4 protein chains.
Amino acid sequence: MGNSFGKLYTVTGFGESHSPAVGAVIDGCPAGIPLSELDIQPQLTRRRPGQNKYTTPRNEADAVRILSGIDRGVTLGTPICLIVENTNQKPGDYAEMVPAPRPSHADFTYKEKFGVAASSGGGRASAREAIARVCGGALAEKVLGSWFGMEIVAWVSSVGTIDAPAVDMNTISRETIDESMIRCPHQKTSEAMLELINNTRKSADSIGGRITCVIRHVPVGLGQPVFEKLEAVLAQAMLSLPAVKGFEFGSGFEGSRMTGSTHNDLFVKKDDTLGTKTNRSGGIQGGISNGENIYFTVAFKPTATIGTAQMTADYEGNEVELIGKGRHDPCVVGRAVPMVESMAAMVMMDMALRQRAVNPASLTYKA
Amino acid sequence: MGNSFGKLYTVTGFGESHSPAVGAVIDGCPAGIPLSELDIQPQLTRRRPGQNKYTTPRNEADAVRILSGIDRGVTLGTPICLIVENTNQKPGDYAEMVPAPRPSHADFTYKEKFGVAASSGGGRASAREAIARVCGGALAEKVLGSWFGMEIVAWVSSVGTIDAPAVDMNTISRETIDESMIRCPHQKTSEAMLELINNTRKSADSIGGRITCVIRHVPVGLGQPVFEKLEAVLAQAMLSLPAVKGFEFGSGFEGSRMTGSTHNDLFVKKDDTLGTKTNRSGGIQGGISNGENIYFTVAFKPTATIGTAQMTADYEGNEVELIGKGRHDPCVVGRAVPMVESMAAMVMMDMALRQRAVNPASLTYKA
Amino acid sequence: MGNSFGKLYTVTGFGESHSPAVGAVIDGCPAGIPLSELDIQPQLTRRRPGQNKYTTPRNEADAVRILSGIDRGVTLGTPICLIVENTNQKPGDYAEMVPAPRPSHADFTYKEKFGVAASSGGGRASAREAIARVCGGALAEKVLGSWFGMEIVAWVSSVGTIDAPAVDMNTISRETIDESMIRCPHQKTSEAMLELINNTRKSADSIGGRITCVIRHVPVGLGQPVFEKLEAVLAQAMLSLPAVKGFEFGSGFEGSRMTGSTHNDLFVKKDDTLGTKTNRSGGIQGGISNGENIYFTVAFKPTATIGTAQMTADYEGNEVELIGKGRHDPCVVGRAVPMVESMAAMVMMDMALRQRAVNPASLTYKA
Amino acid sequence: MGNSFGKLYTVTGFGESHSPAVGAVIDGCPAGIPLSELDIQPQLTRRRPGQNKYTTPRNEADAVRILSGIDRGVTLGTPICLIVENTNQKPGDYAEMVPAPRPSHADFTYKEKFGVAASSGGGRASAREAIARVCGGALAEKVLGSWFGMEIVAWVSSVGTIDAPAVDMNTISRETIDESMIRCPHQKTSEAMLELINNTRKSADSIGGRITCVIRHVPVGLGQPVFEKLEAVLAQAMLSLPAVKGFEFGSGFEGSRMTGSTHNDLFVKKDDTLGTKTNRSGGIQGGISNGENIYFTVAFKPTATIGTAQMTADYEGNEVELIGKGRHDPCVVGRAVPMVESMAAMVMMDMALRQRAVNPASLTYKA
């Protein structure tokens, strides 16, 4: 349970970090969309470990293979299964950890919940489950781009206590962001972040950070009233990512400090519809997109597995010293950028299909 | 679409602020639970407007009536329909607003999404839809209390820029909280908040705030890996509430500033299982409850409808001046406290049923 | 659980025969559909007991009341709650049955499943739950009629061993059918059926029967591959009706006797698309509508509650004599006609919305 | 859409007959179940083509590979992905058919629904999608067997107009059934059936048939009221199988001919609970299992693709002669036996988990 996301565009993930493969089945993608592995691979590669010294040295190729749902280069409207083989399994890395649950990791809760423990400790609580998300998101992005020109761009807005200055959300691009090793588009901040991460690595520690994401060219009308408001499903999507501790959109937590007269987004004529002068609503009003940029920030805790000794307890409650030995990032946010984009794309795709079902005339497609 | 919440304990809400009634159908409640209107009414009354000068003067009785699913005082295991009649409908209050969409409200997006507009503007985007949530939550709380002794307590932790000091999450109770008009358990802060709200009302403005919630006596093992992590579904639940801009649990956004060696919760023996020395995980690790207190904070924006004139645009794009005339709270957080508790209860109930399905032996019931 | 039907057009039923009300919440109906109680009442009245001497003498008005989801005469796109009060509750009628589970009724299984028993015995296993179906179906029919000109007509094709001759499925209408007290459009057969039912009633017994249903003007492309084939969801819908023992569509069980060369429906040009010369496929190929008439037959067992003494066992296993005293039809098929139509309409509506979501261009709307 | 089955035990199928692989993801299987490919392979092999001269000569090994969800020989409680490579792809077999839609096949409806056509014609409408069903069913059977001792056995009860006599449902076993090439347990009937099939093959034709299935050792209380009655979900499951035209359980269509006094199943004391003297209810009353054997019959039409010339129309409506050339069974029922068993197992497993969620005490496990 809990391994599927989306009501009409449904992505079901599978795979543990040390099972033969990880992957996803995507059901609900419309037919006739040109698709090959080349559409998926770039985002997979962006989230892949071992890209540089700031990320874990696991060097999987993460080459995706499409097993079903396409024919002669286009989607058939049937389920698309994508897999990535786990070619670099080293269960030994984890073996040493088995005697005690790793602090702030999923070992203890998985064991209690399921009554069995995976060799790798946390079962599905592995960074590799992200592959399913990226597969689901990359395809969604492609469809949303072709239909609406929708663009989804995320970047690292803080690492530890280092915050990047605000960016121009209308122009920020993945190309710009990827010029930074840590995916922070502000060069000086990026350098400071990388130095902090490097120092953190040297002290065998880890550090948290934040990612901000903007969604541009969103049609008005996406999102469902009450329990499936657009922001609610985005929040679920983001909090489903490993290590996430918080989500805010538009004015966010700071919005709770403000008065209505300051906070309200006044309407103005924009082309042949209405827009808003400001965008504290973050592009969503009453749970439904209003056509302005959607933007939100996601907070990630520091990686739980660290190379520093920790005094903790084993499963029997005896005090033990634990030192993490696995291959782990000192800071996950750089690699998490495509995961945030992917989850956002899956949400938007599902909502677009649902709006088509009840009011297709409300959606304008790209010429 | 979007009006149901929960997979096994499913609450479906219905009703607009000016339709004959609002209510909920709860499907999935186990049979044999003693239930009457008296179990639901207290939380409904807590969220009811018109309780004091700090809330809107609409004086509905909000008396709930159970239409189905119980017999001789116990639940039958069949759907429970609960309704509250809208006895105090005054569509005239809203009529003046029709010519222009209210800023930062749902009027514009609802009209664009659905192609029609409700008399009251935002259709389901009405504070009265909360009644369904409270019905669903009150019943869930009752079951969770009897099974596990679970307790859910929320309070106002900030209004505008006024923050309450930390509370003892192990002992804080609804009784203590309700001693404050604004439901802030720290007396001096409560007074300052009330003064701020009063001043805000006088200036025909509104103000945001935050609610913190703790869930105690949570069995280990609730929550589903990957897309339905406990924190993810809680986030969806909270962001589905009107006016919510952000959600964080455990160390939250501040956790993203920290290092792993500082942030990690080390295990210690507690009774015949493990607990953690600290609780920055907020009671959830890997998406699954670990038995510690679950706690989280929800940010609410200032009420969108204010009595101050705003220069905005009508549906045709012409600039117009708009002054809100409806009956609206200057600050919603006090009344939102039972809504936060209710949504939390619905999430926990659904997760408890799901865990029973796959591993009933993992759950220990109260003696 | 199990009280909702449909993925996008979702009907949630509630109510026991002796609770204050029965009803339904319909979520997913598009906005802007003209709707009032008058659209629902006719089908409700058709299924109402007490219409003539062949049906149970319970004389409820079954007047439906819409509690939400409409405004100024049109749907808002929000959940529509409809209720019918149970004005004629006579729990005493059932009281005598409590000591022993009625044979072939739901008393025993409900008690074992839920651990409690409703006063009326079978809880939701009451003919009155059909009201939810009729509400959901009447609205669906209205939408399908306006979009596609779709027509759904069911009739009694057999009572006991009396079979009606084949009818012209292209022209048969509800008006014709309702000219018969038992809703069999062939007059002589109708008379024989009524005589059989009358004799059955006199001998304090009951009798089974069959209903055939045709759906006309169906757009090509409705139904989902594999698990949600159109016939599969129709089968679920029909078998969900009380007392149903079987379902067949197109050539049905007889089709299993045939050879491929005889059974296959050859394609021919029809207007600007393809049709089939014969229609043993019953309008569905590969789980998807092909534009021909959809037709199917549903078998109903004889009413379980009869006025004749039966030697059975009480809950403790002691042999007891049981004589049914409640108000029950000797033959349910006449009243079940609108229920079959309603379930069919709900299925078609859900499938139409789903097809719009993925390929709106495939559907042609009525000029 | 439509490629997942089950609410808690969810099987998602994927794969076309000529894509690289077909398979399934099973989410919701409890943890700790011993599982290897050897548990799945036998049923896969039973449904495999090329087993004898009565089935299609495609000689795939159909060797299943588990990609995820198990570790050290037991399930982890996480999604189990199983795939079977399509090693024997011969698209050329199908190429000749492309110009015209095969009569009574899915080519036309798939093309109209999706707007694209798979090389193999009907996309997911391929016998190979059954592999997902068999994977899902084999695992479910294993769990149900270990929990309740549940047994599911299906057999061919008719081919064309040849009907097998009734069997003893309490003792019939897969071993007995597999002694017959056509899986009919009555030897003389089996021989007649095989002769009929052989003659049908010689005349380049096909023939329909029926499968009957019994489920033994069913706990009382499985099935959900109203829309998800046990028989309703079984009906959906069976009608989702390719070529199925009808479903009946218990007394079935013949039950509609009977009177209540003859049809009713009277209760008698059985061990420490109640059973019924007769079993016209087919083990289900009010949609819920009553502990007696569940049995039902499924009707299959003759295979649509035949080697005899048929005058039909191409996509433009021109009359063309079509002769099927692919590899197809003249009669599918023998191979469909494990598919019926598998779908039944998936239904029972899902219902067992759901009952555990709401009333675990109602289920008695095998000592």
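## The loop that holds B:Ala243

In this predicted model, B:Ala243 lies in the loop between helix H7 (230–239) and strand E11 (244–249) of chain B. Helices (H or I, at least four residues) and strands (E, at least two) are DSSP runs, numbered from the N terminus. The phi angle of B:Ala243 is near 75°, a positive value in a residue other than glycine. B:Ala243 has 23 other C-beta atoms within 10 Å and is therefore buried. A residue is buried if 20 or more other C-beta atoms lie within 10 Å of its own, exposed if 12 or fewer, and partly exposed in between, with C-beta atoms placed from the backbone.

Residues are numbered from 1 along each chain as its sequence is written, while chains are lettered from A and ligands numbered from 1 in the order in which they are written. As the model is predicted, local features need pLDDT of at least 70 and side-chain atom pairs count only at pLDDT 80 or more, whereas totals for chains, interfaces and linings use all residues.

## Buried loop residues in chain C

C:Ser104 also has a positive phi, near 60°, and is a residue other than glycine. The loop between helix H2 (92–95) and helix H3 (107–114) of chain C contains C:Ser104. C:Ser104 counts as buried because it has 31 C-beta neighbours inside 10 Å.

C:Leu76 lies in the loop between strand E6 (74–75) and strand E7 (80–85) of chain C. With 27 other C-beta atoms within 10 Å, C:Leu76 is buried. Residues up to four places away in sequence aside, C:Leu76 touches B:Glu16, B:Phe114, B:Val116, B:Ala118 and B:Gly123 in chain B, and C:Ala31, C:Gly69, C:Ile70 and C:Asp71 in chain C. Two residues are in contact if their C-beta atoms, placed from the backbone, lie within 7 Å. C:Leu76 and C:Pro34 are 42 residues apart along the chain, and their C-alpha atoms are separated by 9.8 Å.

## The contact between chains B and C

Chain B and chain C each bring 38 residues to their contact. On the side of chain B, strand E2 (10–14), strand E3 (21–27) and strand E7 (80–85) each supply at least two residues. E3(B) gives the largest share of this side, five residues. By class, the side of chain B that touches chain C has 17 nonpolar, 16 polar and five charged residues. Here Ala, Val, Leu, Ile, Met, Phe, Trp, Tyr, Cys and Pro count as nonpolar, Asp, Glu, Lys and Arg as charged, and the others, Gly among them, as polar.

## Two covered helices

Helix H7 (residues 230–239) of chain C is mostly covered, with 10 of its 10 residues buried. Among them are C:Leu230, C:Glu231, C:Val233 and C:Met238.

Helix H3 (residues 107–114) of chain D is mostly covered as well, with eight of its eight residues buried. The buried residues of H3(D) include D:Asp107, D:Lys111 and D:Phe114. Their cover includes strand E12 (267–270), strand E13 (273–276), strand E14 (284–285) and strand E15 (288–289) of chain C. Just after H3(D), D:Gly115 takes a positive phi of about 85°.

## Buried loop residues in chain D

D:Asp265 is found in the loop between helix H9 (260–263) and strand E12 (267–270) of chain D. D:Asp265 counts as buried, since it has 24 C-beta neighbours inside 10 Å. Apart from neighbours within four places in sequence, the contacts of D:Asp265 include C:Pro103 and C:Ser104 in chain C, and D:Thr276 and D:Arg280 in chain D.

D:Cys184 is found in the loop between helix H5 (174–178) and helix H6 (187–202) of chain D. With 30 C-beta neighbours inside 10 Å, D:Cys184 counts as buried. D:Cys184 and D:Ser158, 26 residues apart in sequence, are 8.1 Å apart in space, C-alpha to C-alpha.

## Helix packing in chain D

Helix H1 (residues 37–47) and helix H10 (residues 333–358) of chain D pack at an angle of about 140°, with their axes 6 Å apart. Axes are lines fitted to C-alpha atoms, for helices over the stretch in contact, and angles run from 0 to 180 degrees between N-to-C directions. H1(D) and H10(D) are therefore oblique to each other: angles under 35 degrees count as roughly parallel, over 145 as roughly antiparallel, 65 to 115 as roughly perpendicular and the rest as oblique. D:Gln43, D:Arg46 and D:Arg47 in H1(D) meet D:Arg335, D:Pro338, D:Met339 and D:Ser342 in H10(D). The residues of this contact divide into two nonpolar, two polar and three charged.
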